Amino acid sequence: IDSLEIDIDTMIPLGLILNELISNSLKHAFTKEQKGKIKVSIKEINEQLILKVQDNGQCPDNKEYQASNKFGNRLILAFSQKLKAKYNIETNNGTVVTLTINNYQKTA
């Protein structure tokens, strides 16, 4: 994770999204016998924040995952919209969720 000084109006939704994505991986991606890995990265590239949460667990059906109307998915989508973030999900050898955030402020 890059050392970033981000405004609170960005950090709160980002933290809630991050919490939900990690919780989803812990609850759904791994069996009890499986030792899984979750990788989290937050980088600033070309004046964009790139949040990536990746696991090596069981892959859900991508279309079903994106169309889910569960509370957690609605929360992620709502906060992504608030941040005007591009939200992308890839399911191949695990799940990778990437948010590209253009609408953020740094602290003064």
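The structure is a predicted model, in which local features need pLDDT of at least 70, side-chain atom pairs count only at pLDDT 80 or more, and totals for chains, interfaces and linings use all residues. Residues are numbered from 1 along each chain as its sequence is written, and side-chain values use heavy atoms, with hydrogens and water left out.

**Sheet**

- Four strands form an open sheet in the order β1-β2-β4-β3, with antiparallel pairing; strands (E, at least two residues) and helices (H or I, at least four residues) are DSSP runs, numbered from the N terminus.
- Strands β1 (38–45) and β3 (85–91) are the edges, each pairing on one side only; two strands pair if DSSP finds at least two bridges between them.
- Neighbouring strands are turned by 10 degrees against each other on average, direction ignored.
- Antiparallel strands β3 and β4 (residues 95–101) are joined by seven bridges, and Thr91 has Thr95 in β4 as its bridge partner.

**Helices on the sheet**

- Helix α1 (residues 8–29) packs on the sheet and touches β1, β2 (48–55) and β4, where contact means heavy atoms within 4.5 Å.
- The direction of α1 makes about 15 degrees with that of β2; axes are lines fitted to C-alpha atoms, for helices over the stretch in contact, and angles run from 0 to 180 degrees between N-to-C directions.
- Helix α3 (residues 71–82) lies across β3 and β4, and runs at about 140 degrees to β3.

**Helix α1 and Leu18**

- Among the buried residues of α1 are Leu14, Ile17, Leu18 and Leu21; buried means under 20% relative accessible area, exposed over 50%, and partly exposed in between (1.4 Å probe, protein chains only).
- The buried residues of α1 fall within an arc of 165 degrees seen down its axis, so they line one face of the helix; the arc is that of the directions from the helix axis to the C-beta atoms.
- Exposed residues Ile8, Leu26 and Lys27 sit on the face of α1 turned away from its buried side.
- Leu18 counts as buried because its relative accessibility is 19%.
- Neighbours within four places in sequence aside, Leu18 contacts Val40, Ile42, Leu51 and Val53.
- Leu18 and Leu51 are 33 residues apart along the chain, and their C-alpha atoms are separated by 8.4 Å.

**Salt bridge**

- The structure holds one salt bridge, defined as a side-chain nitrogen of Lys or Arg within 4 Å of a carboxyl oxygen of Asp or Glu.
- Glu44 and Lys106 form this salt bridge, with the closest N and O atoms 3.1 Å apart.
- The pair links distant parts of the chain, 62 residues apart: Glu44 is in β1 and Lys106 in the segment after β4.
- Glu44 is partly exposed, at 26% relative accessible area.
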